[in-house]
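Try each task before reading its solution.

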Amino acid sequence: MKILGIETSCDETSIAIVEDGRNVLINNTISQIELHKEFGGVKPSIAKFAHEEVIDGLIDKTLSDSKLTLEQIDAIAVTIGPGLIISLLVGFKTAKELAKKFNKRLIGVNHLFGHICSTYLHSELEPPFICLLASGGHTQIIDVKNYTEYEVFGTTLDDACGEAFDKIGRLLGLPYPGGPNLEILAKDGNPEAFKLPEAKVRSYDFSFSGLKTAVLRLVQSLPQDYNKADLAASFQENVTNTLVKKIISAAKDKNAKKIVVAGGVSANKTLRRKLEEMSNIPVFMPGLKYCTDNAAMIASAGYLLKDIHQDIETLDVFAKDPSSTKLKTLFKVSS
Ligand code: KG4
Ligand code: ZN
């Protein structure tokens with residue numbers, strides 16, 4: 001079964017075709033990073049226009065790259081939230097029109113569920129497992145019970161992990177997005193150079209605001225020519241230690257047999273290395289290009305949701321009201 005995936009939840013326009021949920025035939029992504037750089041973060045109105053400008057051409061290119069026509073596609077999967085509503089609507093509107101025109105099933109996908117599914121791409125991973133989802137908007141520990149049922153049992157109390165990377169990146173004078181640029185800078189730094197406070201949140205929840213404030217105070221107390229690479233490395237060391245400790249202890253408490261890490265921050269090589277070194281159960285991570293937002297993960301999620309009833313009116317409700325609680329029942333998400 002071939003599914004066309006459409007992802008426009010933030011600043012990446014991505015179109016993919018995935019076969020049977022795992023085999024990526026093609027994944028094309030146009031990033032808007034250059035457009036948002038001067039604002040130091042995503043500017044929603046620019047994101048919307050940029051998606052509108054490229055989406056139709058990118059769908060045509062993806063079909064022509066894969067030598068397939070829309071007639072040969074079995075269903076269309078599209079991200080319906082969470083994300084920037086005006087960006088999401090560009091993808092949703094396009095998907096709805098295509099589904100209608102070519103008489104294809106339209107499957108709405110929760111973006112976070114999509115991130116979990118990114119780990120199925122080109123892999124043999126099967127649930128159940130414990131998943132750490134660390135992205136720009138979320139930091140969650142999720143008990144993935146089977147392919148469509150999951151329970152969120154840990155979350156961030158303040159900033160999301162990727163958001164903390166982005167804010168500290170900005171403080172260090174790095175271009176947007178802070179996460180990957182901070183990782184590059186940290187390569188030349190000493191992770192032991194600065195002692196930063198360890199987040200003291202019991203249970204499975206996360207908090208990054210105390211660390212953020214500590215870094216800010218530290219920078220204010222340092223001479224102007226302080227070693228930025230050392231601070232980047234020390235910050236990265238602190239955050240990755242917290243993430244690794246939490247997910248390993250959650251896996252132990254839940255008696256999990258596998259750990260999965262997904263979301264943009266899962267591209268961080270220090271995090272990946274530490275988890276592999278410290279976990280005594282198998283660790284699965286998406287390929288690097290599927291960590292950050294992409295449509296292949298949405299098409300994979302669509303494949304898993306293909307037998308769950310959704311109707312277009314319900315999807316329309318989400319498009320108009322992204323806070324609708326019906327999202328939870330539709331995707332069997334409990335939190
Ligand atoms: O999953 P994603 O692409 O978008 C959301 O759903 O939010 O995640 C983007 C986040 C950004 O905050 C970005 O800075 C962070 O993931 N990120 C990283 C790395 N690559 C992306 N953070 C740390 N190290 C990286 N290599
Ligand atoms: Zn994402």
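Predicted model: local features only at pLDDT ≥ 70, side-chain atom pairs only at ≥ 80, totals over all residues.

Residues are numbered from 1 along each chain as its sequence is written, chains are lettered from A and ligands numbered from 1 in the order in which they are written, and side-chain values use heavy atoms, with hydrogens and water left out.

**Exercise 1.** Find the residues that surround ligand 1 and sort them by class.

*Solution.* Start with the shell: 18 residues surround ligand 1, each with a heavy atom within 4 Å of it. The closest are His115, Gly136, Asp166, Glu183 and Gly264. Next, sort by class: the shell has 4 nonpolar, 11 polar and 3 charged residues. Here Ala, Val, Leu, Ile, Met, Phe, Trp, Tyr, Cys and Pro count as nonpolar, Asp, Glu, Lys and Arg as charged, and the others, Gly among them, as polar. Finally, look at the helices: α4 (111-117), α5 (161-171) and α6 (178-186) each supply at least two shell residues; helices are DSSP runs of H or I with at least four residues, and strands are E runs of at least two, numbered from the N terminus.

**Exercise 2.** Which polar atoms lie by ligand 1?

*Solution.* Search for pairs of N or O atoms within 3.5 Å. A backbone N or O atom of Gly136 is 2.8 Å from a ligand oxygen. Gly162 places a polar backbone atom 3.1 Å from an oxygen of ligand 1. From its side chain, Asn268 brings a polar atom 3.1 Å from a ligand nitrogen.

**Exercise 3.** Where are the cis peptide bonds?

*Solution.* Check omega along the backbone. One cis bond joins Gly81 and Pro82, with omega about -5°; Pro82 lies in the loop between β4 (75-81) and α3 (85-102). Another runs from Pro127 to Pro128, with omega near 5°, and Pro128 sits in the loop between α4 and β6 (129-134).

Note on methods. Polar contact = N/O pair within 3.5 Å; in protein donor to acceptor, adjacent residues only side chain to side chain.
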